[in-house]
Amino acid sequence: MSSSSFPPDPEGAINANAVEGTDARIAAGGDEALYVPSGDRQLFGWLHRPPGAIDARWGLVFCKPFGFEALCGHRSMRAFAGMAAELGVPVLRFDYLGTGDSEEIEASADQIEAWTRDIANAVMELRRRTGVARVCLLGFRLGALLAVLAARQCQADALALIAPVLSGRKYLREARTAQLAAEAAEAASGGVPSEGTADSAMEVNGFPLSTASVARLSALDIDDLDLPGISKVLLIDRSDLPAARAWSRALGERGMEVTYHALPGFVEMMLTDPQFASLPLEMLTAARNWLSTLEAVGRPPGAAAHAATFVARSAVVTLAGGDATITERPVFFGADETLFGIVTAPQSQETRRRAVILLNAGATYHIGSGRMSVSLARRWAQRGYYVLRMDLSGLGESRARTGSADNNVFPPGAIEDMRAAIDFMTRRYGAREITLSGLCSGAYHSLRAAVAGLPLQRLLMVNAQNYFWDQTMTLDGLQLAEVVHNPTIYRERIFSARAWRRMLTGQVNIWRIVRIYLHRPVLALKSMLRDIARATGIRLRHDLGRELEAVVARGVRVVFVFARGEPGIDLLRIEAGSTVGRLGPRCRVRIIDSADHTFSRSGPRQVLEEVLSTELFARQDGEPASQVAAIDEMRSV
């Protein structure tokens with residue numbers, strides 16, 4: 001069905017229910033993607049519906065952590081939501097303004113005040129949609145402190161807090177330490193530290209806290225906050241650094257019924273990169289047991305469960321700003337509509353029908369590292385592109401294929417997922433030109449899609465670390481990127497007393513280092529043999545050079561973007577040989593200084609966005625080649 005078959009959106013707004021059956025639908029398991037009004041802005045969220053007949057007396061609203069912790073903990077928060085829904089408790093989890101998929105927030109705004117207001121509006125929305133009489137706030141880290149702040153404003157009845165931030169001043173001190181460490185690493189690599197902006201007092205792993213937010217946090221201490229109306233509290237402390245036991249006793253002295261646990265799993269849930277993060281099973285069990293008693297208390301003796309009345313409302317959001325109004329909508333697509341994404345669309349009169357599909361970076365969900373996918377999608381929609389930021393099966397909000405594990409960075413059905421996304425954008429929006437883009441594993445999947453012959457016109461690949469993968473490999477196994485890159489690091493550290501101390505105390509895997517050095521000459525020999533085979537016309541398996549030639553011959557423009565020093569640069573040279581040079585402007589390589597692998601800091605990330613945007617727009621919108629050439633000379637932030 002072509003896009004012309006769909007009715008226009010009134011005044012640029014999105015009425016999801018007016019367009020096919022794939023928007024804001026209730027997904028398998030009862031999850032519904034929606035938008036929650038917060039003042040004149042919209043928050044993106046999920047309503048997790050309990051199965052079957054329930055007693056909807058209690059509801060649960062999630063208060064997320066901030067920044068990198070929210071990225072790492074996304075999978076675990078989905079698990080907490082699913083657990084509560086199975087108990088019969090409807091759950092609303094959402095993104096604060098300026099985070100996740102929600103609308104933006106002014107750079108100078110007091111985020112703490114705004115996010116507290118967002119929680120109150122989320123509670124109001126949960127009550128409106130489900131009819132629950134009582135609400136519990138479930139807060140993680142900074143979200144726990146926000147939950148305590150919001151409890152009075154939204155008249156919450158109970159709190160469940162996990163590893164809560166007790167002191168805003170201490171939290172900021174820890175954030176500053178992390179920021180200084182990042183700047184020191186940047187300076188050591190020859191880069192120029194980010195200066196920030198007048199409106200941004202602090203950047204925590206690439207996520208900004210405004211001057212007003214820092215000032216507000218500096219004055220916040222959880223001991224000073226009243227909790228009127230709260231009778232029951234679940235407090236789950238981290239067992240490695242328990243800090244909330246004294247506060248739990250103080251709450252008990254105020255007459256509250258407090259359940260306290262110090263449990264393992266926090267670091268693995270919230271401070272570990274998403275592809276390696278694991279579910280905090282003991283915390284989940286403790287929360288489940290507590291919620292079970294909460295629900296039992298809320299139900300009068302002998303009362304029968306009944307079907308809750310869920311009031312549906314279309315997922316609608318219109319984003320204004322820049323040169324044009326754009327719209328966003330959640331979509332489900334693929335086999336059984338198990339894949340999830342969000343489409344950012346230009347004004348309805350756009351006729352060029354160009355689309356970009358943004359893939360997961362590792363196991364980071366569809367917002368991307370540092371929320372970069374959201375920024376790019378909204379920026380590119382301003383220029384007339386339809387942009388889908390999607391989750392591959394088993395990642396983010398997309399369900400795993402039957403028989404497959406979730407959180408697999410290289411899911412076996414990735415090609416079919418991308419094929420489904422391309423088909424969706426073609427049928428739904430009439431896209432005639434499609435670009436595929438991703439960072440790290442997303443770059444790998446983009447390349448594999450082009451090699452498989454999917455109908456693409458451009459690849460924008462960022463920091464690819466491997467170009468071939470099979471399902472017998474694992475992320476913790478020896479990677480070619482290590483073989484290429486690590487010997488240089490080892491040579492630099494040979495005179496480091498700290499490095500020798502770590503090795504002698506067993507903190508370094510010596511056998512892994514030996515394997516890397518043994519594998520290095522084998523890799524060099526293979527590279528030489530590939531060049532000989534290409535020159536003599538012999539076809540080899542896993543020949544990246546020939547694959548790139550075939551992709552480019554089909555008219556696909558190929559762009560590799562790397563942070564300087566990335567192992568993928570040398571690996572590209574080794575596995576593709578002289579092919580990249582021979583392909584000329586049809587296969588381009590860009591290098592950006594002063595960036596880490598995920599472009600976690602805002603300065604290098606802004607440069608990356610400029611590079612990708614220039615490559616996407618160049619020659620398509622009539623921009624002169626000189627602008628493209630200028631990017632070739634870009635060597636620093």
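**Figure 1. Crossing of helices H15 and H16 in the predicted model.** The axes of helix H15 (residues 544-553) and helix H16 (residues 567-576) come within 7 Å and cross at roughly 90°. H15 is therefore roughly perpendicular to H16. On the H15 side the contact is made by Leu544, Gly545 and Leu548, and on the H16 side by Leu572, Glu575 and Ala576. Sorted by class, the contact of H15 with H16 has 4 nonpolar, 1 polar and 1 charged residues.

**Figure 2. The open sheet of 8 strands.** The strand order is E1-E2-E4-E3-E5-E6-E9-E10, and the pairing is mixed. Strand E1 (31-38) and strand E10 (257-263) stand at the edges; each has a single partner strand, so one side of each is left without a neighbour in the sheet. From one strand to the next, the twist averages 20°.

Figure 3. One of the residue pairs is formed by Asp31 and His48, the latter being the bridge partner in E2.

Figure 4. E3 and E5 pair in the parallel sense, over 6 bridges. In this pairing Cys63 stands opposite Gly139 of E5. The pairing of E5 with E6 is also in the parallel sense, over 5 bridges. Here Leu138 stands opposite Ala160 of E6. E5 is mostly covered, with 6 of its 7 residues buried.

**Figure 5. Helices H3 and H6 on the sheet.** Helix H3 (residues 142-154) lies across strand E3 (58-63), strand E5 (134-140) and strand E6 (158-162). Relative to E5, H3 runs at about 155°. Helix H6 (residues 245-253) also packs on the sheet and touches E6, strand E9 (232-238) and E10. The direction of H6 makes about 170° with that of E10.

**Figure 6. Contact of helix H2 with helix H3.** The axes of helix H2 (residues 111-130) and H3 come within 9 Å and cross at roughly 65°. This crossing of H2 and H3 is right-handed. H2 contributes Ile112, Trp115, Thr116, Arg117, Ile119, Ala120, Val123 and Arg127. These meet Leu142, Leu146, Ala147, Leu149, Ala150, Gln153 and Cys154 in H3. The residues of the contact of H2 with H3 divide into 11 nonpolar, 2 polar and 2 charged. H3 is also the helix that lies across E3, E5 and E6.

**Figure 7. Cys440, a residue with positive phi.** Cys440 is not a glycine, yet its phi is positive, at about 60°. The residue is found in the loop between strand E16 (433-439) and helix H11 (441-451).

**Figure 8. Asn463, a buried loop residue with positive phi.** Asn463 has a phi of about 50°, positive although the residue is not a glycine. Asn463 lies in the loop between strand E17 (458-462) and helix H12 (480-492). With a relative accessible area of 0%, Asn463 is buried, because the cut-off for buried is under 20%.

Key. Residues are numbered from 1 along each chain as its sequence is written. This is a predicted model: local features need pLDDT of at least 70, side-chain atom pairs count only at pLDDT 80 or more; totals for chains, interfaces and linings use all residues. Side-chain values use heavy atoms; hydrogens and water are left out. Axes are lines fitted to C-alpha atoms, for helices over the stretch in contact, and angles run from 0 to 180 degrees between N-to-C directions. Helices (H or I, at least four residues) and strands (E, at least two) are DSSP runs, numbered from the N terminus. Angles under 35 degrees count as roughly parallel, over 145 as roughly antiparallel, 65 to 115 as roughly perpendicular and the rest as oblique. Contact means heavy atoms within 4.5 Å. Ala, Val, Leu, Ile, Met, Phe, Trp, Tyr, Cys and Pro count as nonpolar, Asp, Glu, Lys and Arg as charged, and the others, Gly among them, as polar. Two strands pair if DSSP finds at least two bridges between them. A crossing is left-handed if the near helix is turned anticlockwise from the far one by less than a right angle, and right-handed if clockwise. Buried means under 20% relative accessible area, exposed over 50%, partly exposed in between (1.4 Å probe, protein chains only).
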